[in-house]
Amino acid sequence: MIAASYRVDKISACSDKTRKKRYFIYDHAIRCTLQACRHDWRHIFLGRLGAKVRCGPYDLQQASLAGRVSSPTGSNSGHRLMLSERLDLAGSKARRVPRALRQVRDVISAIPRVRLACLPTPLQEARNLSKLLGGPRIFVKRDDLTGVAFGGNKTRNLEFRLAAAQAMGADAIVMELDQQSNSARQTAGCCNRLGLDTVLVLVGSRPEPVQGNLLVNYLLGADVRYASSIAEQRRQSTEALAELRAEGRKPCLLNDIPMFDEGSAIAYLESTCEVVEALAEKGLEPDCFYMSSSGKGQAGQILAQMLLGGFAVRGITATDEFNIPPRGAEIANRTAHTLGLNVAVTPDDVINDAAFVGEAYGVPSAAGNEAVRLFARTEGIILDPVYTGKAAAGMIAHIRRGDFNREEIVVFVHTGGTPAIFTHNQLWLDNAARQ
Ligand SMILES: Cc1ncc(COP(=O)(O)O)c(C=O)c1O
């Protein structure tokens with residue numbers, strides 16, 4: 001069922017018509033009130049109160065305000081909602097966007113791609129973890145199993161990125177990334193599949209011993225170069241491009257093509273469709289997605305949320321390098337334009353939590369390590385301490401504070417990154433010793 005074909009239409013006892021104030025309604029609260037029906041709860045109250053009222057998954061600490069309108073600061077305005085009527089969206093804004101998942105897939109199929117990933121990835125229910133936490137139902141989208149060089153989210157993205165590079169005539173790829181980048185590893189693996197040479201210009205110096213993603217880069221045969229700073233990285237990649245051109249090659253600096261970001265967003269629009277399809281086969285629908293993202297992949301999930309409706313999207317970032325809401329919205333809008341979708345995303349639509357970064361990007365956190373251990377010991381699923389562990393820590397913290405009831409369906413998207421466990425091997429030995 002496509003959630004956007006219904007809406008809730010009534011608010012009663014809201015006497016605040018005169019105040020031109022922007023209200024937020026907490027999605028969790030609304031879903032509490034409306035457990036029996038699915039609907040597009042985004043933007044559905046626009047104009048109804050004589051004020052701009054938007055629904056979105058904002059601070060769920062306010063979930064206890066079920067059925068109430070809250071101010072942007074989170075205080076309870078005291079106005080009760082009555083959400084009682086389901087209507088067709090005929091004539092409404094939502095009608096202009098594709099209403100069916102099949103249409104979303106058609107839109108994606110028009111974008112050039114090369115097939116690299118094993119898709120769809122499995123969706124596994126984590127019953128033991130869910131039981132341990134006292135619910136909700138948790139499903140893990142196994143995007144760590146995309147199939148190239150230990151897998152991960154980037155293999156999906158690379159189907160679009162590398163198709164764009166090949167369309168430009170590229171026969172070699174230059175990529176600027178971090179020393180322990182998952183993206184670098186998957187790029188080298190995918191380039192091997194396509195017969196493209198890879199130069200990786202990584203910020204950092206060669207460590208001793210070489211481990212994790214970096215080790216895999218060498219095994220894959222990539223030309224690995226180290227740069228001491230971002231400026232030096234650009235200088236070296238420019239040099240690598242010049243060297244390749246001098247050899248008569250056609251190199252492409254992958255970071256600089258528009259598909260770099262948009263490929264991630266399209267990939268996660270599609271991944272979300274896969275989840276909705278897999279759950280629909282079981283007669284289920286998702287309530288909330290959790291994923292490690294600094295905005296690119298999440299942009300795609302938000303497009304899916306807008307097009308298919310009915311679920312919340314909570315990104316958890318592993319870095320505080322970016323201001324993610326405007327970044328995510330910009331990528332989502334650019335991607336919507338490329339796909340020809342009539343969707344507008346604002347920074348308010350991008351809910352991304354930076355509370356689980358911990359000390360810094362790349363530094364394991366206690367909460368993240370606990371999540372890695374929990375997934376391993378309850379489900380046999382290996383997360384990583386840099387990205388997915390921290391995202392899982394966010395999901396677990398939200399579950400523990402009571403954001404979800406037992407029947408709700410939470411999807412954790414496992415974006416990969418597992419080779420990082422080997423660069424932090426002491427962590428797991430210590431954990432074992434403490435048990
Ligand atoms: C394992 C893992 N998860 C999540 C991310 C974040 O991806 P994005 O910001 O593209 O959504 C990355 C990015 O490098 C990653 O390696």
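I started with β9 (residues 172-178) and β10 (residues 197-203), which pair in the parallel sense over 7 bridges. I take strands as DSSP runs (E, at least two residues) and helices as DSSP runs (H or I, at least four residues), numbered from the N terminus; two strands pair if DSSP finds at least two bridges between them. Opposite Val201 in β10 I found Glu176.

A note on the source: this is a predicted model, where local features need pLDDT of at least 70, side-chain atom pairs count only at pLDDT 80 or more, and totals for chains, interfaces and linings use all residues. Residues are numbered from 1 along each chain as its sequence is written.

Next I looked at the whole sheet: it is open, with 4 strands in the order β11-β10-β9-β12 and parallel pairing. β11 (223-227) and β12 (251-253) are at the edges with a single partner strand each, so one side of each has no neighbour in the sheet.

Then I went to the ligand. There are 17 residues around it, and Ser293, Lys296, Gly297, Thr415 and Gly417 come nearest (near means a C-beta atom, placed from the backbone, within 6 Å). The elements giving two or more residues to this shell are α5 and α9 (296-308). α9 gives the most, with 3 residues. I also checked the make-up of the shell: 1 nonpolar, 15 polar and 1 charged. Here Ala, Val, Leu, Ile, Met, Phe, Trp, Tyr, Cys and Pro count as nonpolar, Asp, Glu, Lys and Arg as charged, and the others, Gly among them, as polar.
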